[in-house]
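Hi,

Here is the structure I promised to pass on to you. Have a look at it first, and then read my notes below.

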Amino acid sequence: MNPTNYLYLSALLFSIGAVGVIVRRNAIVVFMCIELMLNAANLAFVTFAKMNGNLEGQVIAFFTMVVAACEVVVGLAIIVSIYRSRRSASVDDASLLSR
Amino acid sequence: MSGEVIVFWALAPLTVFAAIGMLLVKKAVHSAILLAFVMIALAVFYIMQEAPFLGVVQIVVYTGAVMMLFLFILMLVGVDSSDSLVESIKGLRGVAIFTALAFAAALTSLIARARTGRDPVGLELANAEGNVQALAALIFGDFVWAFEVISALLITAALGAMVLAHTQKSPEARQSQRVRSIARFRGESIGTAAGLPGSGVFARHNAVDVPALLPDGKPSDLSISNVLAQRGDVQETKTYSLEGLPKLDDEEGSK
């Protein structure tokens, strides 16, 4: 099968994740959409590795996963601390700088 | 038709539907479950594309660790108004969908034109000694410096999460046992020093939402948990009051 299909799927998933980041208001759902975008990029990396017969794409995807894990840990800690002080996980409520 | 084609066309539409469903469902927990499905499907795609190590790591790290963390935080934060799908900025949804469609169209046309007429190489040669061995040679060879930096990043992230999620206890909360004991037996709470009355005592039912009856037949509000009272889950106290019944003293007096 032509691996380009994986790239189309990756582009589609990335776009869906981008819509989610803009549209949803719950900070945790926004965060999950960011994870979806990261995963889509990973799929593209793995597909490029197969296309070029070179494992470096898989190594980069592996590193992306580790960085994404770090990002999730810190991001969720930030969400929890915001929730503690404001009693809300909505991204619209964290708007102190605009006032 | 090879197995890869069948699996791809069976799984890829489901993956896209699950991803779209992530945006449409109201509850964040349902979004998390759909995202877990997308991640497992991606792991299958990795394994089909001669990346078995990444496929396993995807399941272990993403569906195992990251999604567990998401669900854990969801339970910690709970459900609030931010789950609603009402758009707070007018027209944002239309703009977002239009932009994303345009972006997807641009990417798709780019991919379609970039690879026309070139055969993919495949990983048979690179994976000759086994995928894990070849990846290990790369990670601990060419990319060893990046690997070390990422280990530092992991430790920093763990410390950062600890600092961000840590809360200092207020000094008032740290009273000694002696102080608390004196406050309990010499303060206003002397009336309940022996414990609050249990629910349902002397009442017709002993469920947690049935107030206990005092010796004069009146229901006792103290016997019901405050949480139940605030949620409005308490049985109507008058139903269980004994005031309407003939008193025991009268019956014995008539005999």
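Let's start with a pair of helices in chain B. Helix 2 (residues 28-48) of chain B packs against helix 3 (residues 52-77) of chain B at an angle of about 175°, and their axes are 8 Å apart. Angles over 145 degrees count as roughly antiparallel, so helix 2 of chain B is roughly antiparallel to helix 3 of chain B. Keep in mind that this is a predicted model.

Who meets whom there? From helix 2 of chain B, the residues involved include B:Leu35, B:Met39 and B:Tyr46, while helix 3 of chain B brings, among them, B:Ile59, B:Tyr62 and B:Phe70. Sorted by class, this contact has 19 nonpolar residues, three polar ones and no charged ones.

Now zoom out to chain B as a whole. You'll find nine helices and two strands in it, and along the sequence they follow the pattern α-α-α-α-α-α-α-β-β-α-α. Chain B has 255 residues, and buried ones make up 21% of them. Of its contacts with a separation of 6 or more, 43% are between residues 24 or more positions apart.

Then there's the place where the two chains touch. Chain A puts in 63 residues and chain B 72 residues. On the chain A side, helix 1 (4-23), helix 2 (27-52) and helix 3 (56-86) each supply at least two residues. The largest share, 22 residues, comes from helix 3 of chain A. By class, the chain A side divides into 42 nonpolar, 14 polar and seven charged residues.

Cheers

Conventions
Residues numbered from 1 in each chain as written. Chains lettered and ligands numbered in written order. Predicted model: local features only at pLDDT ≥ 70, side-chain atom pairs only at ≥ 80, totals over all residues. Contact = placed C-beta atoms within 7 Å. Helix = DSSP H or I, 4+ residues; strand = E, 2+ residues; numbered from the N terminus. Nonpolar A, V, L, I, M, F, W, Y, C, P; charged D, E, K, R; others polar. Buried ≥ 20, exposed ≤ 12 C-beta atoms within 10 Å, placed from the backbone. Axes fitted to C-alpha atoms, helices over the stretch in contact; angles between N-to-C directions. Parallel < 35°, antiparallel > 145°, perpendicular 65-115°, else oblique.
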